[in-house]
Amino acid sequence: MKKHNHFCKMKILLLLIFVPTLLLAQETITGKVVVEGTGQGAPFMNIIEEGTNNGTSSDIDGNFSITVSSLPVNLKVFALGFAEKTVPVATAGNITIQVAESTESLEEVVVTGLGSSIKRANLANAVSTVSSEELVGNTGQTTVDGALYGKVTGVNITSSSGAPGGGFALRLRGVSSINGNNQPLVIVDGVYINNVEIPSGLRFASGGNRGNEENSGNRLADLDPNDIENIEVLKGSSAAAIYGQRGNAGVVIITTKRGKGGKTKISFSQDTGINVIQNKLGLRPWTAASVESTFNAAERDKYNATIASNGGLYDYEDEIYGNTGFITDTRINATGGNEKTKFYVGGSYRDEEGIIKNTGFDRLSLRTNIDHRISDVFDFTSTTNYVRSNSSRSFTGNENEGGLSYGYTLAFTRPWNNLYPDADGNYPNNPNYPGNPIFVRDQAKNEDSNNRIIQGFKLNTKLFTRENNRVRLILNGGVDYLANETYVYVPETHQAQVGNQEGFVAQGKNNFTQFNAQAIAVWNNTSLNGDLDLTTQFGITYLNQKSNLVNSRGSDLTGGQTNVDQSVNQVIDQFFSREKDFGYFAQVEGNYKDQFIATLGYRLDKSSRNGDPNKLYGFPKASLAVNIANLDFWTLEAINQFKVRAAYGETGNPAAFGATFTSLGSSNTGGNGGTSVAGLKGDPDVEPETASEFEVGFDLGLLNSRVSLEATYYHKNVKDLILSRSLPASSGFTTETTNLADLKNEGVELAVRGDVFDGDNFRWNTGVQFYLNRSEITRLDVPAFAQPGAGFGTGLGTFYIEEGKPVTQLVGNINGTLTQVGNVEPDFQMAFNNQLTILKQWDVSFLLQWKKGGDNLNLSRFLTDLGGTSPDLETAEGQARLASTADALRFVEPAGYLRLREAAIYYRLPSKTVTNWLGESVEGIKLGVSARNLFTITDYSSYDPEVSVNGGAGLSSGIEVTPFPSSQQFYFHLNVNF
Amino acid sequence: MKNIFKIKMKYTITGALFALLITSCTIDEVVDPNGPSVVGVLNGASKKQLNELATGVESTSRNGLGVEVTASGTMARELYLFDADPRNTGNLLGKDGVSLDNNSFYSTAQWNGSYRCVKNASLLIEAVANTNVVSEEEKSGYLGYAKTMKAYELIQILKSYGTARVDISDPDNLGPVLGFDATLAAVRSLLDEANTDLSNAGSTFAFTLSDGFTDFDTPSTFALFNRAVAAVAAVYAGDGSSSLTSLSSSFFSLTAGLTTGPKYVFGLGGGNDRANPVFRVASVSATEPNNGDQIIVHDSWINDAEAGDTRVTTKTAVRPDPSIQDGLTGTHETRLYATNVTPIDIIRNEELILVYAEASILANNLTDAVTALDVIRNAAGLPNYSGAVTADALTTEMLNQRRYSLWAENHRMFDLRRYSLSNTLPIDRAGDQVFNILPIPLSENE
């Protein structure tokens, strides 16, 4: 204590001596920038004398010193991650400036070109940004795509499986490709990420039609959502044009957390929770009479016998889907660094059990992100992520007589038959379907494991730095290497295997390497006395992707063995793919006084997936934003932002790998190797499909942006849509993939945000999003056709490509006439997001999501009707349905819903309490409870209106065949910062 | 030092960038890493490539076989298929007024499957014409084989769809879909052409056929199969005397075993080999029944059988737990094939004897017909035919023997249709309808 006082006195003395001398010429302001709340020094903050180029930055402890020509001045203090602050300084000397940490200020900057970014306020596109807090702040999240529900306008997320580890498809602004890639391009720290669904070969035991009926997860699941600092979603071609031929379905740019420098901060989080089925359908309330009328007297006797001996029927739905899955998610990370080097090192482990026993997902993720300044000229960033993930997804979805998929089995399983194993572990046969679901759950396996490294690197070279001209060279790129293994095992004792395959094992070994690199030169030029900023960039990009999928299968297994070698019949499949893209781009952005912001850009691309691999395709873009509220005449104080904006851009999408080839497949018989035409007739002249989008909108900020509104209309035309269509099979080919149609998508997106209350003891932030999309096939070169692989034929209902109709229409054969029976496109979607802070320490948040309209084709019901097990068959309504013609009309159902997607309550212990309890070393403790999918209101009769029988590919959403039911999650959260 | 290093680095990187920009990156020609190209075999094919295509023709002739049997068998009330696809007991039986759809598996599987084989045969014919690695004799062997297989597949199409597309050589400009008579005429002339080719093909084929063609794997023995197919085609055309002529050059014999004839063989190995699609796992006992994926025998087939017909007991067995599905049931299930790799007959002597009977009736050689029918009856443990020896009565008997000899082999629906007897089929549920022909697939745009 004493020493401290002495030091203070010394300082005052020194000041008294030196200040008068300094006053003569210049004034020096010294001080410290500290973080509000914690009182810690804030390092590397920018401190600028307002209205000049004079500036400095704080050191590692937050201390700074700036010399100004005269007093008073206004000092502007800012840095990424902090709210900007302007402080008036009237006297020289020592001051303390408090800055507040902010996630919102991160929204300020949005990536628009490949090498530059722009302030959100100047943006000409509606780019949605999701911060870490919005993404994972409420509740536990398994996957990035599953975490985006209700957080981005213009996005339609479909879940194809409720299995832990997901199975999601993102559609931005409608369907933009049908047989090409219609999943957005995902870029994590500059690395193009692989988001494949990898088939396991289980269809060779289940009788599924295609790999995409195996309901594999998509590999975005490997990315830990908690690592993410923010996500930018470039939804349409106008925003994504600079990504050229990979940008048709939009671009999702993910930035992971970075070190902020300064004192090393350690954060530890523990989430503990459970998974339970969201919505059980229940048993048909059978009576002896209804058993007899549905089946016969023999079945009635079995029913009565079971009631007598067991006291009731067996509830196999509960037995299979009624598991309470335990979830743990443990994360620890450290950030810190000094002037030259900043780091973020983190590790997380999530282990999640599903609502079906023996299903689950676990993920170990390790990350090291380093930013290093070599010198004033060079700096680099390295991001490294290693992931090991495993999942066990069991058997769901479409099949044909495999006796494996639970929904199928349950549809035909009569609840008076005992399927439980006896004391010796023998499982009874299911009399009415070739599989016992309890046996399958306990003994059959469908698993995958992934080892993955995602490495990004960026080298920034400041080639030339002068007051009005700065030239940078950015070299960046990365590698995503994924080694995936799949494993399916169906024991020889499985009912459908006995006398048939006699046991089945499939081992997949799949490798994917994606490499991308780009070199960009960026020239910033300031002219007209600082009123006009021009940013010019040009560069090249290169992309190389390879995959090698090998699936080895054995059947007729040696008893109890799972090695492919221990089988009589062995089959190996292999599939290679190799893709290369090469592109050039250039872009100029001009900003006049933050009033007029215009961009012009052009990209040229070629790809090995196009018919002519060396033909360059051009993708222009142009945009203009006018900040009317920044114009000199604007005096309306209440409206601080009024921006009108318009943007146009084009993007492309090459045909899927293989579309150019007409090849022979193998077709062996009797031990002789044969070849046969494969189903696909390739098009050696296939061109990329190209989208052009025009977007207009305005942004409004009221009361110093306490209330903001963003409104956007877009109109997107996809030209030369690449379609797989059924060929007349008499040609020997069944499909061809070529440019056949034009497609239009148009829609509206609205987002309102408001700080409704901002008091000391009560704060309420709210956001409402509204969006809709409409599509239409505007040109079709061939007769209307049922989209192959997207439905079950016109007999049961299928997606149907027809000029003048929406691409999402469902068509069925109704009394001999092809009729539109539904449309999976929602009328609109809304999200209502709220954060409340009560009495400073309590945070309450909830997210409601509403999907209005849209139809599903519920073919699970077709099966349960046939098996006599639909829960409503004791009602007159159910019986009437059962008696009606089994066509598509009977199975179309409205699939709208209102869902409490996320809800959470957190308590932050007051810092005093924490200090009293645990001492100085612990900075903060936060506790909370949260839930996901707490309730859903829907007319849809099955488990969840969000379904897709064919995974995320193509036109797939909205058709249901016995999916993995979705779950509700409940969490307890603990977060400690050191 | 430091500055020099910096400057060096700057220029090295800038230089590298511009070097990249200036040297335009050329992407190499893209070749399918997963399979040989079709164009590759059409021009200057090697003998190995021709032989692989020949095997492909044999292999793909099995395509669509399963649905062909179960769909036509269901429509002709020979059987029900109890499995997870409700359309097998719904649409195919016209349940509650539903009509057959032209874009569902039952209407597309067989069409797609047969035409895949027809295409491969056409490719083989074209490839043989555009290569000089084979002798004239070898060439004739390939052609005779390919044309015979193509003709056989087109007959299968006719039986199910009543119409077919014969000219399919240019996939972008397909010939018309022809009516039944025109197609059959084209098929018969194709078979005759093939027979001529086979007679010019020397003593051996240049390619290897599977064990299914044991005894039919040389040009002269394969011609026995070719003539058998021609005999079948002739009776379908109502041409009894031509049929009898063809039979005399085929493997038809009233005294040889009924099972003689070429077969489809099955395997569980790689390269898209396939299992017997009509095999179903037998129910072991009442406690271990297999009702979930089962071919159930239509009760009428059991009930209408003459007492003592051994075909009933060899082809079917009593179900230990005769459950009901979709309001349907049956007392028996299939035992047609013992395992999932048991071969399926393409044409066997039993069918040829019945064709001989039919051709004899058409040619008014009624006693020959009786002789043939008695061979079949006796083989099934039945006494000689004792009914009237008139064309009508013998036709009825012939169709009945075909019903039992060729159960679940894709004959009954067509037999009833060509003799206009489909309306005699029983209706099992109120609201069911009888269909006897499949619609041409939607994708043909007809």
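Helix 7 and helix 8 of chain B are roughly antiparallel to each other, because their axes cross at roughly 165 degrees and angles over 145 count as roughly antiparallel. Keep in mind that this is a predicted model.

- Helix 7 covers residues 180–199 and helix 8 covers residues 219–236, with axes that come within 10 Å.
- The crossing of these two helices of chain B is left-handed.
- On the helix 7 side, the residues that meet helix 8 include Leu184(B), Val187(B), Leu191(B) and Leu198(B).
- Helix 8 answers with residues including Phe222(B), Ala223(B), Val229(B) and Tyr236(B).
- Sorted by class, this helix-to-helix contact has 13 nonpolar, three polar and two charged residues.

**Where chains A and B touch**
- Chain B puts 87 residues into the contact, and chain A puts in 86.
- On the chain B side, helix 1 (2–22), helix 2 (38–42), helix 3 (47–60) and helix 5 (105–129) each give two or more residues.
- Helix 5 of chain B gives the most to that side, with 10 residues.
- Chain B's side splits into 32 nonpolar, 34 polar and 21 charged residues.

**A sheet in chain A**
- Five strands of chain A make an open sheet with mixed pairing, in the order 10-15-16-13-14.
- Its edges are strand 10 (128–131) and strand 14 (191–192), each pairing on one side only.
- Strand 10 runs antiparallel to strand 15 (residues 228–234), and four bridges join the two.
- Val130(A) stands opposite Ile231(A), which sits in strand 15 of chain A.

Note on methods
Residues are numbered from 1 along each chain as its sequence is written. Chains are lettered from A and ligands numbered from 1 in the order in which they are written. This is a predicted model: local features need pLDDT of at least 70, side-chain atom pairs count only at pLDDT 80 or more; totals for chains, interfaces and linings use all residues. Two strands pair if DSSP finds at least two bridges between them. Two residues are in contact if their C-beta atoms, placed from the backbone, lie within 7 Å. Ala, Val, Leu, Ile, Met, Phe, Trp, Tyr, Cys and Pro count as nonpolar, Asp, Glu, Lys and Arg as charged, and the others, Gly among them, as polar. Axes are lines fitted to C-alpha atoms, for helices over the stretch in contact, and angles run from 0 to 180 degrees between N-to-C directions. Angles under 35 degrees count as roughly parallel, over 145 as roughly antiparallel, 65 to 115 as roughly perpendicular and the rest as oblique. A crossing is left-handed if the near helix is turned anticlockwise from the far one by less than a right angle, and right-handed if clockwise.
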